[in-house]
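Welcome, and thanks for taking a look. Here is a friendly briefing to read alongside the structure.

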Amino acid sequence: LAAGAVSSLAVDASEQAIASAKANAAVNDFSSQASFLCEDVFALLPGLVQQKEQFDLVILDPPAFAKSRASIKTAARGYREINRRGMQLVCDGGFLATCTCSHFITAQMFEEIIMLAARDAHVRLRLIERRAQAPDHPVLLGANESDYLKFLTFQIQKER
């Protein structure tokens, strides 16, 4: 909103996170432009897609789906599903920002998951930016768990 967006919708399953976001919007005088939903995004996204909602920007910042090596396959399915739905909600030419904070999901794995989600969503992706955690969370060589954040920004082009 500070950068000029007309409106925003924030969704989180945590009531505490939503209360914090509402307070932040109020402090910054954005309450009238900001909407908030305390819901499970996996339950919400299919309905938004079915209603043909479209957004200029969708940001997906889920918790770590892969908390162990044994959960990688299940996590990959979760990341694929949430990203497919997110892509379907982005208008043609809009942007998707997506991330994973699980060190068990490598950057290569995450990009492959995103490519599969794009195929499922019938969109083409143009990679705009690749990021990792900030310098105050350095990656320690030999400590793979310190390389946890993968953040990608794409421009979405709908297949015609």
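**A quick tour of the model**

Arg80 lies in helix H3; helices (H or I, at least four residues) and strands (E, at least two) are DSSP runs, numbered from the N terminus. This is a predicted model, in which local features need pLDDT of at least 70 and side-chain atom pairs count only at pLDDT 80 or more, while totals for chains, interfaces and linings use all residues. Residues are numbered from 1 along each chain as its sequence is written, and side-chain values use heavy atoms, with hydrogens and water left out.

**Arg80 and its neighbours**

- Arg80 is partly exposed, at 26% relative accessible area (buried is under 20%, exposed over 50%, partly exposed in between, with a 1.4 Å probe and protein chains only).
- Leaving aside residues up to four places away in sequence, Arg80 touches Ile113, Leu116, Ala117, Arg119 and Asp120 (contact means heavy atoms within 4.5 Å).
- Between the C-alpha atoms of Arg80 and Ala118 there are 8.8 Å, although the two are 38 residues apart along the chain.

**Where H2 meets H3**

- Helix H2 (residues 41-50) packs against helix H3 (residues 72-89) at an angle of about 35 degrees, and their axes are 9 Å apart (axes are lines fitted to C-alpha atoms, for helices over the stretch in contact, and angles run from 0 to 180 degrees between N-to-C directions).
- H2 contributes Val41, Phe42, Leu45, Pro46, Leu48 and Val49 to the contact, and H3 contributes Gly78, Glu81, Ile82, Arg85, Gly86, Gln88 and Leu89.
- Sorted by class, this contact of H2 with H3 has eight nonpolar, three polar and two charged residues (Ala, Val, Leu, Ile, Met, Phe, Trp, Tyr, Cys and Pro count as nonpolar, Asp, Glu, Lys and Arg as charged, and the others, Gly among them, as polar).

**Two loop residues with positive phi**

- Most residues other than glycine have a negative phi.
- Asp29, in the loop between H1 and E2, has a positive phi of about 60 degrees although it is not a glycine.
- Asp29 counts as exposed because its relative accessibility is 67%.
- Lys52, in the loop between H2 and E3, also has a positive phi, near 60 degrees.
- Lys52 is exposed, with a relative accessible area of 68%.
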